[in-house]
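Colleague: I have a new model open on my screen and would like to learn how to read it. Could you walk me through it?

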Amino acid sequence: MSDEPQPQQSSQGLASSPPQPAASGAAPSAASGAPSGAASGEGPERPGRTGWRRLIPTWRTVLATCVTGLLLLIGLLALGYYMVKIPAANAAATQQSNVYLYSDGSELARVGPVNRENVQLAQISKDTQHAALAAEDRDFYTESAVDPKAMVRAAWNTATGKGKQSGSTITQQYVKNYYLGQEQTVTRKVKEFFIAIKLDREKSKSDILEGYLNTSFFGRNAYGIQAAAQAYYGVDAKNLTVGQGAYLAALLNAPSEYDVIAHPENKGAALARWNYVLDGMVKKNWLSAAERQKVTFPAPRQQVAGSGLSGQRGYLVEAIKDYLTTNKIIDEDTLARGGYRITTTLQRSKQDAFVKAVNDQLTARLDKKNNKVDRYVRAGGAAVDPATGKVLAMYGGIDYTKQYVNNATRRDYQVGSTFKPFVFTSAVENGARTQDGVTITPNTMYDGTDKRPVQGWSGGPYAPENEDNKSYGPITVRQATDKSVNAVYAQMAVDVGPSKVKKTATDLGVPADTPDLQPYPSIALGTATASVLDMAQAYATLANHGKHGTYTLVEKVSKEGTQDIQLPQQGTTQAVSREAADTTTAVLQSVVDNGTATNAQAAGRPAAGKTGTAEEDQAAWFAGYTPDLATVVSVMGQDPDTGKHESLYGAMGLPRINGGGAPAQIWAQFTQAALQDQAVKDFDLSLQPGADQTVEPSTGPTDQQPGTTGTQDNGGTTGDQTTQGQDQGQTQGQANGGTAGTDGTTGTGTGGTPGTQGTTTGTTGGSTDTGGTTGTGGTAGTGGTTGDGGTTGAGGTTGTGGTTGAGGTTTGAGGTTGDGGTTGGTGA
């Protein structure tokens, strides 16, 4: 044992470090005899951290920092959740197009600032719903609204310039589409995060999926699944197949790049994405493996130009919009906001047939380069179902983007002689009689002399000229209709009463506010400027035995695919008696069979109709119908540069265009094509008594001018032999100098004065005949010898008989004659 003293161990505690053996030869510790720190009663001193260890936080620091950071994050999240509100939808997301459909559901036009049509989730096929989930968010129904990991990754990639990346969940994408915008910024990502969380608490998953599919962009300017289904496959979203739905879902990732039609070089990538979607559907048990094997890639259709308003579409859309607003179905501002699905009454096959008929019978025959007048030619047409009032086809012009005025609905061209049937209908409807008291029927005789002054009209002299100044002499109503004799129908309008004629026309369907629809004798010649559609409606009433139903262009209107808008009731009224309408039809059948409209026979069906020509040949019309279809066609002249109405003399290389030419030819081709699948039907007519009798036609026009002496047949004198006003009672006795009596019967004589019953006491050769009335060929008073043929100048003489006074005057051709109204169409 060493003799050296050993260090003492404190009884108060252990040394802070184990004792070290003393080095050999070392002096004893100087402190060995001193009291130790332990002996003082204080704990050992903690050694300080040195070197790099100072940089490492202690676990206490880490814990405190984490807790503080977590609390701060929770606070920030709570603050963000509280401060960020769900905003109103952005304007672009709510904009939709209005979709116009033909009656069979095929698309007519899609109009609006954004090509979108919202649909409910139930209107999207289940396969398409599942395909979208398989492509974008397979755990959509079970996961939360946000995926923080994916969001941070997307924000980082955007901030560091590594490429744009959207939020990963469907909820986040919907928020971006509907509430925010497409900009790729951190701020937008933060808003998207909080809005998605709130939205997930306020809306169901199904509502969010529906909104997502309605707001997503699919390429081809298609926003929403419904617009995409139409753009790529021409079907509604509810009819998409598994393969089609998978392809559209694949497009969500890269709409333009994966369009295999626009970018065939990317077909490999598109197919890979398509397969990825289908495989995902199998993994989620939305599609069986066996069904998956059967699915083949459904190539989308070729991209078509946007519907727009080119061709006929613009005319049709504007007419439909006008119908909706005029009938107060939807106001203009509401309609402009979009979202409406409008099914029209228009039939696509008939619409196409109308366009082809105009092209074949008119457009193809024009030479606009070498014939200036051909530049003025334009056409309008409308076809109406007589039984329902539905407009089945409409031709508005060559192209809405080139000629934006709809020629089928404009009201600025005279309808010409197509108005004459309304005069006759009114005569039958009102039981009208001629000036000498004879009931007006198809066989009633009138004087067809050119420029013959009308009788019985107190408004002033009116003597319209016939087409080409032809005179026809005595002529039946049927024959006068065949030949479109103005002199006869101007007189008939007076016989019926112009106000009654106007009422009948409006009852049939001509709008009461039609320009120049005035109660003057000239109303018969078609001075009114009704539209083609107006006239088609009125003629449809005649075809429907006098029953009138306001025309309609719309079958159904729905809002965003579900809410049906109430439409006006389409009731019918008996506008005129069946006898009046059917007797008119019988007369108009003769126009097609024997008169100015023989070209209409090419339709190959029983037809009735009337030609018409506006003043100065500025428009030519044909209005006709079969038992199943009423159609009106008009060819008009208008300078494309100034908009001025122009005459069509020389158009198509012809001296003139009249209703029996191009309009009747268009009508015939269209009618034949439109009814090709329907059995031929004859008219079932109930006629006015005596209307089925026929009278031999006159020998045709004469060169006789009014006021000259003619034979007995043409209004000359009768000598000693008299007739009882054409003993069949079918003539109208009117001397040029006669004065109307109180019951409208005009006598003849030299300056005679009216009798108490409306007859005139005239003097002929010194003898007095009380009450004698003149027929067309002279009257049967005792010694009465004057017909319509006397010269009417002052002091002029008649054929064989007395002299006339200075009463009968004629007007200039075609001018405005006192209160008789403006001159109308020139004839056929």
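This is a predicted model: local features need pLDDT of at least 70, side-chain atom pairs count only at pLDDT 80 or more; totals for chains, interfaces and linings use all residues.

Colleague: Let's begin with helices. Why is helix H9 said to be largely enclosed by the rest of the structure?

Modeller: The general idea is to count buried residues, where buried means under 20% relative accessible area. In helix H9 (residues 242–251), 10 of the 10 residues are buried, so the helix is largely enclosed by the rest of the structure. Among them are Val242, Gln244, Tyr247 and Leu251.

Colleague: And which helices do the buried residues of H9 pack against?

Modeller: They pack against helix H3 (126–136), helix H8 (225–233) and helix H10 (267–283).

Colleague: How many residues of helix H7 are buried?

Modeller: For helix H7 (residues 205–215) it is 8 of the 11, so this helix too is largely enclosed. The buried ones include Lys205, Leu209, Tyr212 and Asn214.

Colleague: Now the cores. Which residues touch the most other members of the largest nonpolar core?

Modeller: The largest one here has 123 residues, and Phe422, Met492 and Leu553 touch the most other members. Helix H19 (residues 532–543) provides the largest share of this core, 9 residues. A second, separate core has 51 residues, including Leu209, Ala222, Ala270 and Met281.

Colleague: What does Met492 touch, not counting residues up to four places away in sequence?

Modeller: Met492 touches Val423, Phe424, Ala427, Ile440, Tyr446 and Val477.

Colleague: Next, aromatic rings. Why is the pair of Tyr315 and Tyr400 called edge-to-face?

Modeller: Look at the angle between the ring planes: over 60 degrees counts as edge-to-face. The count for this model comes to 15 aromatic pairs. In the pair of Tyr315 and Tyr400, the centres are 5.5 Å apart and the planes stand at 90°, so the pair is edge-to-face. This pair links distant parts of the chain, 85 residues apart: Tyr315 sits in helix H12 (residues 313–326), and Tyr400 in the loop between strand S5 (391–395) and helix H15 (420–429). Both Tyr315 and Tyr400 are buried. Phe419 and Phe422 also form an edge-to-face pair, at 5.1 Å centre to centre with 75° between the planes. Phe419 counts as buried at 1% relative accessibility, and Phe422 is buried at 0%.

Colleague: Which residues do ring pairs link into a cluster?

Modeller: That cluster holds Tyr232, Tyr233, Tyr247, Trp274 and Phe297. Charged residues can lie over rings as well: Arg138 is over the face of Tyr276, at 4.4 Å from the ring centre, and Lys205 is over the face of Phe140, at 4.7 Å.

Technical notes:
Residues are numbered from 1 along each chain as its sequence is written. Side-chain values use heavy atoms; hydrogens and water are left out. Buried means under 20% relative accessible area, exposed over 50%, partly exposed in between (1.4 Å probe, protein chains only). Helices (H or I, at least four residues) and strands (E, at least two) are DSSP runs, numbered from the N terminus. Contact means heavy atoms within 4.5 Å. A nonpolar core is a set of buried Ala, Val, Leu, Ile, Met, Phe, Trp, Tyr and Cys residues joined through side-chain atoms within 4.5 Å. Rings of Phe, Tyr and Trp (its six-membered ring) pair if their centres lie within 6.5 Å; planes under 30 degrees apart count as stacked, over 60 as edge-to-face and the rest as tilted. A charge sits over a ring if NZ of Lys or CZ of Arg is within 6 Å of the ring centre and within 35 degrees of the ring normal.
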